[in-house]
Protein chains: 4
Amino acid sequence: MSVHSEPGDRRPPISTPAQTAKQERILDAAVQVFAEKGFYNARVSDVAREAGVADGTIYLYFRSKDDLLIQLFESRMSAIIERLRVRLADAPSAAMKLRLFIELQLALVVEEPTLAEVLTVELRQSGKFMREYKAAKFGEYLDLIEEIIIAGQRDGEFVSGVDPRLVKRALFGALDEVSLYWLQGRAGGREPYALPAAAEQIWNVCARGILRTAGAPAVLEPSKEEP
Amino acid sequence: MSVHSEPGDRRPPISTPAQTAKQERILDAAVQVFAEKGFYNARVSDVAREAGVADGTIYLYFRSKDDLLIQLFESRMSAIIERLRVRLADAPSAAMKLRLFIELQLALVVEEPTLAEVLTVELRQSGKFMREYKAAKFGEYLDLIEEIIIAGQRDGEFVSGVDPRLVKRALFGALDEVSLYWLQGRAGGREPYALPAAAEQIWNVCARGILRTAGAPAVLEPSKEEP
Amino acid sequence: MSVHSEPGDRRPPISTPAQTAKQERILDAAVQVFAEKGFYNARVSDVAREAGVADGTIYLYFRSKDDLLIQLFESRMSAIIERLRVRLADAPSAAMKLRLFIELQLALVVEEPTLAEVLTVELRQSGKFMREYKAAKFGEYLDLIEEIIIAGQRDGEFVSGVDPRLVKRALFGALDEVSLYWLQGRAGGREPYALPAAAEQIWNVCARGILRTAGAPAVLEPSKEEP
Amino acid sequence: MSVHSEPGDRRPPISTPAQTAKQERILDAAVQVFAEKGFYNARVSDVAREAGVADGTIYLYFRSKDDLLIQLFESRMSAIIERLRVRLADAPSAAMKLRLFIELQLALVVEEPTLAEVLTVELRQSGKFMREYKAAKFGEYLDLIEEIIIAGQRDGEFVSGVDPRLVKRALFGALDEVSLYWLQGRAGGREPYALPAAAEQIWNVCARGILRTAGAPAVLEPSKEEP
DNA sequence: GATGAATGAGCGTTCATTCAT
DNA sequence: GATGAATGAACGCTCATTCAT
């Protein structure tokens with residue numbers, strides 16, 4: 001498999017006004033198929049069948065199977081980022097933004113588990129070759145966290161002793177793994193914890209840590225009653 | 001394979017005393033190759049060449065390419081778990097154990113980055129089919145965290161408001177992602193943070209959270225000066 | 001094949017009106033190749049080259065190499081059985097039918113020696129696994145003989161002291177071996193007997209036996225002058 | 001696979017006085033294994049395991065897997081031919097000899113079904129490459145029949161209108177196929193006819209044919225009461 | 001002589017991609 | 001643009017054969 005797209009590729013991505021609906025159909029089908037079988041075990045013809053198009057049609061909209069995964073990632077991440085941006089704008093403080101981010105992130109997993117599965121599990125799967133492509137949108141996503149941390153530190157809400165670049169990674173990893181476990185438990189008939197409750201717990205740990213100490217409340221109040 | 005092959009044909013794993021060195025050679029080679037190319041993009045003959053054996057020799061020790069990955073995981077995880085257990089036994093408190101766990105975990109990444117790469121990145125890659133096999137050793141690994149949390153809650157060191165099953169996942173995910181980013185940055189010429197320093201920051205967040213509040217020190221002292 | 005493949009993945013046989021010509025091309029090629037090299041020594045790519053298609057194309061029409069052999073057998077035997085049925089319908093008596101069967105059978109070997117070679121030699125070759133598949137069409141073929149014997153016994157033309165199930169086997173075996181020898185002699189530059197003449201002799205032995213006895217003509221007259 | 005033995009082959013067949021017992025053990029094992037799985041589906045290591053020797057030991061006694069089959073054939077056929085010769089010498093007439101041949105042949109199948117299976121089924125299987133090797137011993141075997149026929153014709157016992165070269169083939173084929181069916185039925189839980197009774201019927205057909213005619217007994221008396 | 005671990009050529013099968021219709 | 005039959009490179013795995021011990 002060619003990992004890197006050739007510069008001389010003949011088939012440029014198409015963006016006809018109405019026929020992009022078909023491109024979207026293919027992307028939706030890819031989400032389903034990749035979530036079910038994994039990227040490497042999914043065949044292009046599986047995606048085609050799921051999308052109700054011919055195998056060759058895939059190649060009118062995507063350069064390759066790899067490109068399908070990349071565009072899937074770009075497309076879905078853009079929507080998620082946009083949505084998060086809008087929602088986060090309303091939160092009055094960095095703490096509230098961060099808490100909301102956690103809640104929204106896990107809510108997304110509940111609302112669109114199939115998409116979440118592909119984004120969390122299968123995107124890692126593509127290993128080496130995805131890393132270059134992933135960077136753009138994935139970095140933008142992570143920057144949402146970083147911006148919150150930086151703002152919180154600047155405004156004195158957050159301690160300054162932590163590197164925002166580290167925290168964004170750690171928080172993303174925590175949410176990702178918690179989501180993954182929930183998704184897999186969902187498929188395997190296991191139900192370890194409710195994701196909304198998990199969001200609250202994760203926030204609490206982020207906010208106050210797990211050490212029991214005098215003079216500091218162990219848990220923050222729920223978001224609705226926040227002053 | 002043709003219609004005629006009996007299911008019982010499978011070559012059982014060998015465990016000759018001295019020749020198991022060859023099995024180990026193959027596993028080491030697999031770590032290198034899978035880390036470099038990813039499981040799905042690695043060919044069995046790549047592993048054979050790296051191990052300095054013929055292709056067919058692989059199949060004297062492993063049932064299939066999949067089995068090679070599974071045994072790799074089992075073998076390496078067992079060693080890591082054992083090592084962690086021994087080191088953690090010395091720590092005097094749950095807090096110290098947890099801090100040590102984080103440090104040791106990230107130290108492992110620095111010491112054996114190739115192994116870490118396979119364990120964090122490529123094992124997720126095998127997607128659906130690895131999940132069953134992964135369970136055993138991976139669960140054992142996660143239980144190391146869970147046990148620390150439970151003990152800490154029982155002894156009053158940790159707050160009781162968090163589900164240990166959730167925390168173990170979240171912490172693992174955080175460490176995993178932080179490791180992954182460090183590993184990838186290493187390959188890509190990027191150097192975002194030193195892993196030992198990252199361990200300290202992660203511990204601080206786990207311990208005290210990121211909220212700046214009066215009456216509680218924002219950062220815990222480094223481990224050497226810990227009472 | 002890897003662990004992940006669903007059992008239902010199998011490509012079903014296609015039966016597009018015009019493209020079935022390609023299936024026929026492949027079967028013809030398989031007859032040639034199997035006759036020349038034998039089933040086990042023939043490679044799928046040999047058949048593909050002979051048919052003028054790519055290797056993968058074989059698998060658009062046949063599930064496996066084994067399936068190719070099975071379908072070859074079914075297809076060619078069906079045609080032969082049909083042809084025999086039509087020709088045998090005209091024969092006025094059981095004796096004439098049996099004689100005609102022998103003649104037609106050996107004539108087929110002369111007309112289509114390559115096909116005959118595969119049918120007599122190579123089909124036996126697939127050993128254990130063909131036995132189940134062979135049963136259907138092969139049994140139907142043998143029943144042509146059995147029906148003639150039974151009718152002849154019922155009508156008093158044939159002696160009743162022989163088991164039709166035995167005779168059909170014995171006659172088939174005799175014809176098969178005689179054909180095989182002729183086919184091999186053909187390839188090896190030997191010419192032991194003309195097959196049409198052999199048909200007459202076999203019929204004579206079947207009809208009257210080889211014992212010379214008074215009161216019964218040792219040989220029956222040729223079929224054209226039969227009253 | 002190399003079909004033809006190279007003239008430069010290094011390993012000449014061995015015939016140490018006592019250790020030939022091991023060669024015999026291997027041949028016996030080969031009979032069992034080839035009968036069970038077929039020549040092409042049997043592995044050399046299967047034969048080695050059955051014989052209780054190491055894989056490599058096979059190659060101390062046989063040049064190749066093919067050679068093992070050839071020597072198996074030569075060895076077993078020699079024994080059978082010798083045995084038949086001795087028994088046939090006692091028969092007083094050509095007719096009695098032929099009848100005895102049929103009886104002995106089918107008796108052998110009952111006595112040593114495994115050997116019979118290999119000889120009738122699996123030897124055909126080796127297709128092209130066996131043909132050259134087969135000739136010698138197989139021809140000698142067939143000549144037993146031919147000699148009987150020729151003698152019978154010369155002495156006026158048998159009609160002269162049939163080619164002995166043809167009859168030997170036809171009779172062999174009939175016996176072979178009848179044996180094969182019996183052997184397969186034996187494995188498949190079917191029991192179509194007893195082989196001793198089949199011998200009598202086949203002899204009757206050979207002797208007198210199946211046509212019912214006045215002035216000639218339809219069935220010959222059993223062998224004990226033969227004048 | 002006997003062993004059996006090691007070899008590596010060989011092959012059946014898959015599937016991303018193309019292109020004639 | 002859409003199709004899907006055709007392509008053929010690629011790869012996992014097998015097993016006859018060898019050879020160091």
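Buried here means under 20% relative accessible area. The model is predicted.

Q: What makes α9(A) a mostly covered helix?
A: Eleven of the 14 residues of α9(A) are buried. Among them are Leu195(A), Ala198(A), Ile202(A), Trp203(A) and Cys206(A). Gln201(A), Asn204(A) and Arg208(A) are buried as well.

Q: How do you know that the reach of helix α9 of chain A is close to the expected one?
A: The helix covers residues 195-208 and reaches 20 Å from its first C-alpha to its last, against 20 Å expected at 1.5 Å a residue. Just after α9(A) comes Gly209(A), with a positive phi of about 80°.

Q: Why are α5(C) and α9(C) called roughly antiparallel?
A: Their packing angle is about 150°, with the axes 9 Å apart. Angles over 145 degrees count as roughly antiparallel, and α5(C) and α9(C) are therefore given that name. The crossing of α5(C) past α9(C) is right-handed.

Q: Which residues make the contact between α5(C) and α9(C), and of what class are they?
A: From α5(C) the contact includes Leu98(C), Arg99(C), Ile102(C) and Glu103(C), and from α9(C) it includes Ala199(C), Glu200(C) and Trp203(C). By class there are twelve nonpolar, no polar and three charged residues.

Q: How do you know that the reach of helix α1 of chain B is close to the expected one?
A: Its 18 residues, 20-37, reach 25 Å, and 26 Å is expected at 1.5 Å a residue. Gly38(B) follows α1(B) and has a positive phi near 85°.

Q: Which residues of α1(B) are buried?
A: They include Gln23(B), Ile26(B), Leu27(B), Val31(B) and Phe34(B).

Terms used. Residues numbered from 1 in each chain as written. Chains lettered and ligands numbered in written order. Predicted model: local features only at pLDDT ≥ 70, side-chain atom pairs only at ≥ 80, totals over all residues. Heavy atoms only, no water. Helix = DSSP H or I, 4+ residues; strand = E, 2+ residues; numbered from the N terminus. Expected span 1.5 Å × (residues − 1). Buried < 20%, exposed > 50% of the residue type's maximum accessible area, 1.4 Å probe, protein only. Axes fitted to C-alpha atoms, helices over the stretch in contact; angles between N-to-C directions. Parallel < 35°, antiparallel > 145°, perpendicular 65-115°, else oblique. Left-handed = near helix turned anticlockwise from the far one by under 90°. Contact = heavy atoms within 4.5 Å. Nonpolar A, V, L, I, M, F, W, Y, C, P; charged D, E, K, R; others polar.
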